[in-house]
Amino acid sequence: MPLPKAADLTGEATRFLEANPDLEHFAMVFTDLPGVQRGKLLTREELLPAWKNGRYVPGSMLSVDVTGLDVVETGMVWDDGDADRLVWPAPGTLKRCPWTALPQGAYLGSFYELDGTPRLADPRNTLKRVLERFKAEKLNVVAAVELEFYLMDQEAALSGRPRPPLGLTTPHRPHQFQALLMQDIEDFAPFFKDLYAAAKVQALPVQALISEYSPGQMEIGLKHRTDALLACDEAIMFKRLVKGIAEKHGMIASFMAKPYKDYTGCGMHIHISLNDDDGNNLFAGPNPVENELLRYCIGGMQATMADGMAIFAPNGNSYRRIRKGSYAPIAPNWGVNNRTVSLRVPAGSGPSTHFEHRAAGADANPYLVMAAVLAGVHHGLTRELDPGEPVTGNGYLHAQRPMPTNWLDALRQFRASAILRDYLDPKFVDIFATIKEAEADRFFAEPQPIDFEYYLRNI
């Protein structure tokens with residue numbers, strides 16, 4: 001995974017500066033292991049040097065939990081003096097940000113050691129390592145990321161009492177379970193108009209919009225890409241864009257897995273097919289159930305689903321989403337045209353045939369979710385794992401081999417996974433698990449409002 005040539009990078013940055021003479025500031029954005037977007041705001045004069053020489057950032061930034069606290073147990077904070085590493089730009093990610101108060105650009109970056117070696121704990125680099133396995137097999141991963149999110153009343157959400165927002169065209173607050181309700185889309189039309197316009201400026205391939213099952217819940221898909229890393233870069237940029245546009249309209253956009261007790265959770269659905277070097281879809285055929293390659297992929301994802309739950313459901317809140325009858329999967333089963341399973345082959349056939357991995361929450365890190373999914377795919381292909389017969393009907397009634405349903409069990413299984421240690425790197429697995437174990441310890445030590453409701457006067 002060599003660094004891009006400096007001349008190539010500076011050429012892209014130079015052309016962007018020439019095309020955008022009004023921009024004075026640029027956000028350098030990287031994604032840490034919990035999936036939080038962090039970075040620096042650079043001046044116009046600093047952009048070219050950052051694209052030519054990289055930008056120094058403390059290496060400990062890849063050793064923080066979701067709240068930003070150092071996790072010293074990883075050995076990546078004081079043990080090396082919190083030494084700097086370099087963040088190098090990801091080519092093709094330098095874009096305008098139309099939602100900011102002042103004209104601003106932004107780009108994504110990856111961590112590298114000072115000698116140019118990819119930083120092990122960087123999520124983008126982790127996905128790159130897995131994709132190398134497919135290149136060795138002369139297989140090309142075609143991928144898309146589909147995200148669900150909630151629009152919320154800003155004041156209520158920030159006070160910890162979330163509720164749907166008032167409509168922007170009509171002061172109506174949605175409160176019914178109304179999937180695919182056109183009125184919801186029309187009530188928030190100004191938000192969606194700005195969102196699609198900003199996505200066009202950033203060349204993000206947003207597709208169909210739907211009002212999801214619960215009040216204020218929305219889903220927008222991103223187009224399939226022949227570069228899985230690009231698909232994840234675009235998911236990261238899309239999340240930042242959605243949040244920015246929502247705040248511009250006085251709302252909060254939340255990608256929490258389960259912000260409401262009584263409403264459905266938010267998922268991150270990963271869509272994947274495999275092409276040969278000529279661009280032919282290797283899953284294509286009249287009957288996906290009979291496609292041997294597709295079956296092997298599903299078999300591998302079944303075998304690694306439980307091991308990967310610490311990545312698919314990385315937070316304490318994540319496990320509130322995983323419930324029967326909730327449109328969130330509870331077991332590594334599969335089916336065709338069936339939304340009650342974790343591994344779904346959507347309706348259709350021929351060149352469009354692909355699978356949808358439905359286990360991850362919208363709160364997960366897209367790079368790591370993609371890496372864990374593809375680790376399972378490659379594992380199944382190379383070992384020719386058969387998934388058994390697809391589930392028909394209610395998949396919640398066929399929930400054999402259940403996945404971990406609590407955070408600590410998931411972390412224990414992830415840390416012990418021989419398969420994921422092979423694909424993601426043993427040290428990476430230990431770093432991720434250590435960060436999340438420390439975060440879980442802090443999370444469970446903090447009394448919650450429900451503690452007082454249950455126990456204050458009853459015991």
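## Surface and overall form

Accessible areas are calculated by the Shrake-Rupley method with a 1.4 Å probe, and for residues only the protein chains shown count as cover. On this basis the protein chain exposes about 19700 Å², and carbon and sulfur atoms supply 52% of that area. The structure is a predicted model, in which local features need pLDDT of at least 70 and side-chain atom pairs count only at pLDDT 80 or more, whereas totals for chains, interfaces and linings use all residues. Residues are numbered from 1 along each chain as its sequence is written, and side-chain values use heavy atoms, with hydrogens and water left out.

Taken along the principal axes, the box filled by the C-alpha atoms of the protein chain is roughly 60 × 55 × 50 Å. The radius of gyration, taken over C-alpha atoms, is compared with a globule rule of 2.2 Å times the number of residues to the power 0.38. For 459 residues, a compact globule would have a value near 23 Å, and the 22 Å of the protein chain agrees with this.

## Composition of the fold

The protein chain contains 14 helices and 14 strands; these are DSSP runs numbered from the N terminus, with helices (H or I) of at least four residues and strands (E) of at least two. Buried residues account for 56% of the 459 residues, where buried means under 20% relative accessible area, exposed over 50%, and partly exposed in between (1.4 Å probe, protein chains only).

Contact means heavy atoms within 4.5 Å. Of the contacts between residues at least 6 apart in sequence, 71% join residues at least 24 apart. The chain carries 47 positive and 56 negative side chains, counting Lys and Arg as positive and Asp and Glu as negative, without His and the chain ends. The centres of the two sets lie 2 Å apart, with each charge placed at NZ of Lys, CZ of Arg, CG of Asp or CD of Glu.

In helix α2 (residues 44–53), the buried residues are Arg44, Leu47, Ala50 and Trp51. They lie on the same side of α2 because they cover an arc of only 95° around the axis; the arc is that of the directions from the helix axis to the C-beta atoms.

Helix α11 (residues 407–416) has Trp407, Ala410, Leu411 and Phe414 buried. Their arc of only 100° around the axis puts them on the same side of α11. The cover over these buried residues includes α9 (309–312), α12 (418–424) and α13 (426–445). Arg412 and Ala416 are exposed on the face turned away from the buried side.

## Positive phi in loops

Most residues other than glycine have a negative phi. Asparagine 337, which is not a glycine, has a positive phi of about 55°. Asparagine 337 is in the loop between β12 (334–336) and β13 (343–345) and counts as partly exposed at 49% relative accessibility.

Aspartate 425 also has a positive phi, near 100°. This residue lies in the loop between α12 and α13, and its relative accessible area of 25% makes it partly exposed.

## Surroundings of methionine 28

Methionine 28 belongs to strand β1 (residues 25–31) and is buried, at 1% relative accessibility. Apart from neighbours within four places in sequence, its contacts are Arg38, Gly39, Lys40, Leu42, Arg55, Val57, Val87 and Tyr107. Methionine 28 and glycine 105 are 77 residues apart in sequence, and their C-alpha atoms are 8.9 Å apart in space.
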